[in-house]
Protein chains: 2
Amino acid sequence: MQLDVYVTKQKGLVDEYLDSIMPPPDKHPDIIHKAMRYSLFANAKRLRPILTLASAESVGGNVKQILPIACALELIHTYSLIHDDLPVMDNDDLRRGKPTNHKVFGEAIAILAGDALLTAAFEALSVPEITDAIGSARQLKIINKLAKAAGSAGLIGGQVVDIQSQGKSLDIPELEYIHVHKTGKLILVSIISGAVAAGCSENQLAALSGYGEKLGLAYQIIDDILDVEGESAELGKNTGADSALHKATYPQVLGMKQAKIQAQLLISDAKADLKPLGDKARHLSEIADYILNRKN
Amino acid sequence: MQLDVYVTKQKGLVDEYLDSIMPPPDKHPDIIHKAMRYSLFANAKRLRPILTLASAESVGGNVKQILPIACALELIHTYSLIHDDLPVMDNDDLRRGKPTNHKVFGEAIAILAGDALLTAAFEALSVPEITDAIGSARQLKIINKLAKAAGSAGLIGGQVVDIQSQGKSLDIPELEYIHVHKTGKLILVSIISGAVAAGCSENQLAALSGYGEKLGLAYQIIDDILDVEGESAELGKNTGADSALHKATYPQVLGMKQAKIQAQLLISDAKADLKPLGDKARHLSEIADYILNRKN
């Protein structure tokens, strides 16, 4: 299957499941459910849930069984975008091709919509359907790993250092801390969750963790590059936002040429990590290429 | 044991366990861990975790086994206070006797500290120690019930209607919706979590749910009364905040005398619900009296 056909199919599954677990938009109090759905069903790539599904497949897992877990990853990612875009954080006006949540619903509802999506992720992860599909031991392990990756030692820690670094010049280790935590940890746990849910071996987990770590960092380096070279219309968010906030980025610290080489190396190494998984990991491999060449 | 001795003992257990699971205050990035600890270890009543422990005891549960679950309730409660106090929400300056989180750490870190505490609750709830103590079936049931109670159909829904109602005159059902959701659902689930963790029967759960629903509503009515009649120094937060925000309250809608009668009736009915549990529920009964007579 061509990657674009595969991605479209998986996006369809993710969107359908997310729609089935989100409260309807007219449920009281309707503004919060409208706000949650507004950001969740904007034009999103669904990269994290697709990685979860492709990771499960790479170790012989069943996509239908893994879908609720994949969707929880998207709920957490969407909450983090809504909070990151707030005026007191990155103050972004455009996201996923639409005005940001707080621009439409106001800051208070945007904060609460983010809170509600984060909470909904853990509600979605703890349903009996998942227990029936993969067993409670794997389910609880995934909940714990996801909470760690999203918490102050993961995603939130990265965001904290990111906003504290605005206007400062950073060295490579500081910049890498931000990228690995703010973006990398959730991408890595997306991949790990799918593999754990599918009952992977220790060796398979090690291979996929190597892939996930490199992919996560590469993804963010390419994000930095696109913030300089990309088109707002294609990206669905404003370009030049990093330099407007005086944020340190890979192109700025390494130079554009070296940043691109770094991204290529990481993607190449990530793909090499998939070797032991054989042909079942081909979608993960193709996703790595897609990330390197992405324009949005 | 006298209630105050009991409460002091349980608070000690809760504080000690919370301290053991919170990242140390100097852990990188230290500002987020300092901010999380600042609000968590302010002078708090620990009502919700104490209710969880007392509820577990009332059906023969083991306090030490239930403690991690009780503490997760306090993490969620503290996150909700930090976010509710934000300038775009209730704009409060004083909480638990200290300046609010955003006054000390700024709005961005306050939002992230709330996010991190909410996430930490689900990390704490999913550890293997809980599985070993109560089994995965009860553990997953509690995670799911807690997420529901904290989500857009519970606590967050109540906060949404509350901030949308500022400056409007509400009728009793609207006001009750806010109170039941914003405060009642988390108090109720604190009680239910303890009982489920301890392996209660359906009849015991029904009795405790009746108690919890009434206690939760009574607690908030008394909060409204204290906002008018209480002393800021004793409360640890500013009085008159509701009327300053033109918030509808029970004393305003029912009159002060009727509001007090309503609170007394609810507490009396809540205590009556405990009858089938016998002497093991005496701490829950005493906590109900304490809530009726509380000054903070």
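Where does B:Arg96 lie in chain B? B:Arg96 sits in the loop between strand S1 (94-95) and strand S2 (98-99) of chain B. Helices (H or I, at least four residues) and strands (E, at least two) are DSSP runs, numbered from the N terminus.

Before going further, a word on the model. This is a predicted model, in which local features need pLDDT of at least 70 and side-chain atom pairs count only at pLDDT 80 or more, while totals for chains, interfaces and linings use all residues. Residues are numbered from 1 along each chain as its sequence is written, and chains are lettered from A and ligands numbered from 1 in the order in which they are written.

**Backbone features**

Most residues other than glycine have a negative phi, and most peptide bonds are trans. Here are some places to look at with that in mind.

| Site | Feature | Value |
|---|---|---|
| A:His28 to A:Pro29 | cis peptide bond | omega near -10 degrees |
| B:His28 to B:Pro29 | cis peptide bond | omega near -10 degrees |
| A:Arg46 | positive phi | about 60 degrees |
| B:Arg96 | positive phi | near 50 degrees |

In chain A, A:Pro29 belongs to the loop between helix H1 (3-21) and helix H2 (30-40). In chain B, B:Pro29 is likewise in the loop between helix H1 (3-21) and helix H2 (30-40).

As for the arginines, A:Arg46 is in the loop between H2 and helix H3 (47-58) of chain A. A:Arg46 is buried, having 22 other C-beta atoms within 10 Å. B:Arg96 is buried too, with 21 C-beta neighbours inside 10 Å. A residue counts as buried if 20 or more other C-beta atoms, placed from the backbone, lie within 10 Å of its own.

**The nonpolar core**

A nonpolar core is a set of buried Ala, Val, Leu, Ile, Met, Phe, Trp, Tyr and Cys residues joined through C-beta atoms within 7 Å. The largest one has 190 residues, and A:Ala113, A:Ala218, B:Ala113 and B:Ala218 have the most contacts inside it. Setting aside neighbours within four places in sequence, A:Ala218 has contacts (C-beta atoms, placed from the backbone, within 7 Å) that include A:Ala263, A:Leu266, A:Ile267 and A:Ile291.

**Where the chains meet**

Chain A and chain B each bring 44 residues to their contact. On the chain B side, H2, helix H6 (107-125), helix H8 (136-150) and helix H9 (155-164) each supply at least two residues. H6(B) gives the most to that side, with twelve residues. The chain B residues touching chain A comprise 27 nonpolar, 13 polar and four charged. In this count, Ala, Val, Leu, Ile, Met, Phe, Trp, Tyr, Cys and Pro are nonpolar, Asp, Glu, Lys and Arg are charged, and the others, Gly among them, are polar.

Definitions and conventions:
Buried ≥ 20, exposed ≤ 12 C-beta atoms within 10 Å, placed from the backbone. Contact = placed C-beta atoms within 7 Å.
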